[in-house]
Amino acid sequence: MDADVPLIEVPGEANPLTEGILFHVLRSAASADPTQIQTGTQQLQTWEKSSGYYPLLQARSLAVFLDKSLPLEVRYLAIIQLKNGIDKYWRKTASNAASKEDKAAIREKLLMSGVNEADHRLALQNALVIAKVVRFEFPNDWPGLFQQLLQIIRSSTDPNGYRLHLPRALLILLHIIKELSTGRLMKTKAVLGLIAPETFNVLGHIYIQKVQSWQAFFRDGGDDEGGALEDIDNSLLAIKALRRLINAGYEFPARDKDVQAFWTLSRTNFADFLPYLMHEDSPLAPSVRRSIEKHLMQLAKFHLSIAQTHPADFVLLPNTLDLVRDYWSLVAKLGEGWGSKSLDGATISTDGDADEEAPILERLGLKGLLIIRACVKMVFYPQQTFRYRQQQEKDERNQAVQIIKQGLLNEDLVREMISALVTKFFVFRQSDLRMWEEEPDEWEKMEEGGEDWEFAIRPCAEKLFLDLAKNFKELIIQPLLQVFYTVATPDNEDVLFKDSVYTAVGLAADVLLNDLDFDSFIANTLVVEAQKQKPGFNIIRRRIAIILSQWIAIKISDSKKPLVYQIFHHLLDKSDPLNDQVVRVTAGRKFRDIADEWEFKSHNFMPYAPETLERLMGLVQEVELPETKMALLNTISIIVERLEHHITPYANSIISLLPPLWAESGEQHLMKQAILTMLARLTNAMKADSRAYHISFLPIIQSAIEPGSETQVYLLEDALDLWASILAQTPSAPAPTPPELLDLLQYLIPLFAMDNETLRKAIEITEAYLLLAPASVLVDGFRLELLKALADLLGSLKPEVLGMVTHLMECVIRGADGFGGEQAVKVLVGDLISTGFLAKVLEGLHGAWTHHQSHGPYRELPSRAVDGVVETDYFVVLARIGFAAPNVLIEALASIGGVEVEKTLDWLLEEWFSHIENIGDGPNQKLMCLVLTKFLETGAGWIMGRLQLLMGVWTDVLRALLEGMDDQSQDSLFWPPDPIPFGQNDPEAPEDVRKRELIYSDPVHRINLVKYVKEHLQMAVQASGGEGRFQEEWLSRVDKDVLRGFGELGIM
């Protein structure tokens, strides 16, 4: 129909949107020619925002009914484009959202195009499109959808109906239910609940009818084999939809009689379907067997999903306990042939090779273990929810718990389960041993995967064992210990069974800690077995590494920890033939737990550190999988952190290991993150000794932090940690700060506009620069940019983050004061005015004052007002300026206020004095008291006239700071110069010294408030013309009670 339309050789944007041109563009995008693919794709992206594009796309995807010659790949690309467009542009709030007319045109043809689509691939994509539209449109804009769809399903079951309609309609319904069931909004879930009953009845009828039909054919035979195969496919689609509908569409499935009936039917069907697969001489074709397997798996998934999502309903549904026992029988049957009986025979077979799908019994057994675990969790680890529960729901849950406790988890069954788990499922299979030999790195990584336990028998069995062990201690301890004592001797060489028992003892460490002398086990057994040169003892060596890592934090005495380090040192020795790669990698991984243990003492490990580190670094280079390299690198990183400055001799070796790993990692940013973490820990551990390496680290940091960096999104957080570590370990003056480190300052400012976590780190780094090289931060260009960035942040942050901003400003003010005295503070305050920072502070404080002037229950906080800790933070900034240079602060207030400075001071001091009593921490209270006292140096009437308020503050603050002090002549926050300089045995980070000096130089700790108040009060008396004049002019205005309270301090 469009075959004669020539190819259009104009820019993509100029191509008009017509059906003919769209066909050619789709054909180009679906071709094998890269140039045509690129041109076609670009044109499609340009058209995405054009009105009428998506209805035209749909017309292309449906064109089989108009033109049988239309290529399948073009139609497939059209439906994919339509599906992607719905994700992007169907929401009303989306930019360039699809118009109502386009949506209506698409909806009009969707359903019938789906049920009439012959090609399964296109039918699947069309079903996905319908499901996405339904999520947006039903019930408001597409109210008749389900009635229309269910009518199609009903009519398709008629003997004269179009046979294609049923599977296509079921496929569409399945994907609609899947889409709605994944919705998190209550509205989406409510929609599913709305359509659940009628949909359930239709689907249930189809399922029962089709299952009975194909079962009758298998039992009685017949001529319509094709019809039987169609029935199997249709019943599979029906059960897929049913299990999701019941799970997500019913809040309380056990209360619905139809669901109860279907639950009973599901158990019956499960029992009926299983024999088809259990007989090895079954006459069924492989494809039919696979279809029946899928039915069984859907039934098992149905049972499991109800157990996990609706645990109480699961128990209260008919005959559930019998169902769970049936599953345990399957598990027990699976266990009969599970573990390997010996180390021989690890040859190619069908017992779970990685490239084959697991046998159906194994897959059903896994679901059985998960169902049993769900029962245990319901009793001992119930789901927590904030949703209000009616009394009936609470009663049902309590009833279900009692049923499981009394009817299922009795002593006999629990003992049987524990025995089977340990003696059957913890034992390695021949396929495990074979993969150990053939693909050691892949097998080790697979065994380590803790998050995948739901998809494999042994890790799932371990989880179930752990749940049972913790909650049935009295049933497990003695039987397990009896078995343990029979195998835990060097003479016992039943390697596979020994490994399974050791697995149980490792998992149950916190259950057995008071009943098992693990120290003796290490000394008498593990030390010997770790060195034993017998076939198969590599399995035990691997298990030794694991069990030690499980017990290290539970109960291993300090005296035995050197033995543990010695064992790991030995297990990492490549020269021992039994230490194969699996053993060494496992030991390398697990030593992370050994080194990260809370009571790790570096001096105990030091004798083994050189060779252990050397062997770990060699292992990193030996293994091939990036995940394994990262795990081993993480172990080295933890050792670096725990050894602290003792790591220095090995720094060169560790650092030389990293560049090749960085180069090999390519786009694997997790490896780069691990390397950056390693460098940060190494820098912190070596303290100032790390300075020789700093310059080589800086380009890595720069590449991650500079604007526009491709790696910023992945590496920024770790790069900032390394940057902060380098600053912390850079020696103070007179040692010169590397100019390369100072050059990175320019990249700090953009970070202040990022997320809160990045902002926190940027502030921390800025403070570190202020301590290390204040001149570099306070230089004209950078200072102004910094103050503007901080001004932009005021009023837009949470209080805890805003507190970091104001603390940084404190450091800037103190840095300026220390760097250039009052003149430097004056320049800084000028910048605070020009950037608007100071105006925002005063605006917030004025809003607080205004708020406090109003009264009544309906008063509202002004928009820019501050309160609580934020108000304290704002006053702290003013206090730092005021204490450093009172006159500079007064001039600034006059400049910003726009009125006479006395009027600004009236409201500001009123708010300041009233807020002091709301300050919770002593240092800030003392700082406020210091600056308000310092204002007396001005001799101005605005402060002398507030002598009563001053005395009240002096009394309250000094009482708090003198409480419990033997010497009442100095406050508790005053730290006199220590005649003995601070010292310690271990090396100290240079930044720790700088921070300590900053704290000790703070007026809050440098000035004795008792003496300070006394001196300033005397100064005020002299400035007033003597005591008599002071008494007459100022003291006479002070309330007698306030005066008496202050007099009791003995200052005046």
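Lys687 is buried, because its relative accessible area is 15% and buried means under 20% relative accessible area, exposed over 50%, and partly exposed in between (1.4 Å probe, protein chains only). This residue sits in the loop between α32 (669-686) and α33 (691-705); helices here are DSSP runs of H or I with at least four residues, and strands are runs of E with at least two, numbered from the N terminus. Lys687 is not a glycine, yet its phi is positive, at about 55°. Most residues other than glycine have a negative phi, and most peptide bonds are trans.

The model is predicted: local features need pLDDT of at least 70, side-chain atom pairs count only at pLDDT 80 or more, and totals for chains, interfaces and linings use all residues. Residues are numbered from 1 along each chain as its sequence is written, and side-chain values use heavy atoms, with hydrogens and water left out.

Glu644 also has a positive phi, near 55°, and is a residue other than glycine. Its place is the loop between α30 (626-643) and α31 (651-665). Glu644 counts as partly exposed because its relative accessibility is 39%.

## Cis peptide bonds

The bond from Phe138 to Pro139 is cis, with omega near 5°. Pro139 lies in the loop between α6 (120-137) and α7 (145-156). The bond from Ala733 to Pro734 is cis as well, with omega near 15°. Pro734 belongs to the loop between α34 (712-729) and α35 (739-743).

## Salt bridges

A salt bridge is a side-chain nitrogen of Lys or Arg within 4 Å of a carboxyl oxygen of Asp or Glu. By this rule the model has 53 salt bridges.

One of them joins Arg542 and Glu447, at 3.8 Å from N to O. This pair links distant parts of the chain, with Arg542 in helix α25 (residues 537-551) and Glu447 in helix α19 (residues 440-448), 95 residues apart. Arg542 counts as buried because its relative accessibility is 6%, whereas Glu447, with a relative accessible area of 27%, is partly exposed.

Glu1048 and Arg959 also form a salt bridge, at 3.2 Å from N to O. These two residues are 89 residues apart and link distant parts of the chain: Glu1048 is in the segment after α51 (1040-1047), and Arg959 is in helix α46 (residues 947-962). Glu1048 is exposed at 57% relative accessibility, and Arg959 is partly exposed at 42%.

Arg615 and Glu611 form a salt bridge within one helix, their closest N and O atoms being 3.5 Å apart. They are separated by about one helical turn, because they are 4 residues apart in helix α29 (residues 609-622). Glu611 is partly exposed, with a relative accessible area of 40%. Elsewhere, salt bridges link Asp558, Lys561, Glu597, Glu599 and Lys601 in a network.

## A nonpolar surface patch

Trp975, Ile999 and Tyr1000 make a nonpolar surface patch of about 290 Å². Patches are made of residues with over 30% relative accessible area and no salt bridge; like charges are joined within 9 Å, and nonpolar side chains (Val, Leu, Ile, Met, Phe, Trp, Tyr) within 5 Å. Accessible areas come from the Shrake-Rupley method with a 1.4 Å probe, and for residues only the protein chains shown count as cover. Tyr1000 is in helix α47 (residues 990-1000) and is partly exposed, at 45% relative accessibility.

## Domains

The domain assignment, which is automatic or from a database, gives domain 1 (410-646), domain 2 (779-854 + 861-918) and domain 3 (922-977 + 988-1051). The C-alpha centres of domain 1 and domain 2 are 59 Å apart.
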